[in-house]
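Reader: I am new to this structure. Could you show it to me and then walk me through it?

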Amino acid sequence: MTLIIGVNLTDRLYLAADTKVTAKNAEGSFIDAGHTMKLISFLGKNTTELISCACSGNVEFTKFIFGQMSCDFGKILNTD
């Protein structure tokens, strides 16, 4: 299960996401499969723009989408 939260205030937007990754084992139970970034921020074409994206679901697809976005938008910003 992924948890992504967005809070829209009058002058700013807060985004938060967990990093946990789970997978199903042969018996069908969910197991810990590590951690990954689910929330990434990019600088837009205009360096005053900030573009953030939150993803859940398939880890490989998420990494692919984030990789494509980094090619289009440029520098990935630290989300810590």
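Predicted model: local features only at pLDDT ≥ 70, side-chain atom pairs only at ≥ 80, totals over all residues.

Reader: In what pattern do the helix and strands follow one another along the protein chain?

Author: The protein chain has one helix and seven strands. Read along the sequence, their pattern is β-β-β-β-β-β-α-β.

Reader: What distance separates the end C-alpha atoms of helix H1?

Author: Helix H1 covers residues 59-73, which is 15 residues. The expected span is 1.5 Å times one less than the number of residues. That gives 21 Å, and the end C-alpha atoms agree, being apart by 21 Å.

Reader: Which residues of H1 are buried?

Author: Buried means under 20% relative accessible area, exposed over 50%, and partly exposed in between (1.4 Å probe, protein chains only). In H1, the buried residues are Thr62, Phe66 and Met69. They cover an arc of only 60° around the axis (taken from the directions from the helix axis to the C-beta atoms), so they sit on the same side of H1. To end on the names, they are Thr62, Phe66 and Met69.

Reader: What is included in the cover over the buried residues of H1?

Author: On the other side of H1, Glu60, Phe61 and Cys71 are exposed. The cover over the buried residues includes strand E5 (39-43) and strand E6 (50-54).

Reader: Which element gives the most to the lining of the second largest pocket?

Author: On a 1 Å grid over the protein atoms alone, a pocket is an open set of points where a 1.4 Å probe fits, with protein on both sides within 12 Å along at least five of seven lines; lining residues have an atom within 4 Å of a point. The second largest pocket holds about 200 Å³ of space, a volume being the space filled by probe spheres set on the points, which are joined across faces, edges and corners. Strand E3 (20-24) and H1 each supply at least two lining residues. With three residues, the element that gives the most is E3.

Reader: Which residues does Val59 touch, not counting residues up to four places away in sequence?

Author: Val59 lies in helix H1 and is one of the residues lining the second largest pocket. At 24% relative accessibility, Val59 counts as partly exposed. Contact means heavy atoms within 4.5 Å, and, with residues up to four places away in sequence not counted, Val59 touches Val21 and Thr36.

Reader: How far apart in space are His35 and Thr22, C-alpha to C-alpha?

Author: His35 belongs to strand E4 (residues 30-35), and its 57% relative accessibility makes it exposed. Along the sequence, His35 and Thr22 are 13 residues apart, while in space, C-alpha to C-alpha, the distance is 8.6 Å.

Reader: And is Ala23 buried, partly exposed or exposed?

Author: Ala23 lies in strand E3. Leaving aside neighbours within four places in sequence, Ala23 is in contact with Ser29, Phe30, Ile31 and Ala33. Its relative accessible area is 30%, so Ala23 is partly exposed.

Key:
Residues numbered from 1 in each chain as written. Heavy atoms only, no water. Helix = DSSP H or I, 4+ residues; strand = E, 2+ residues; numbered from the N terminus.
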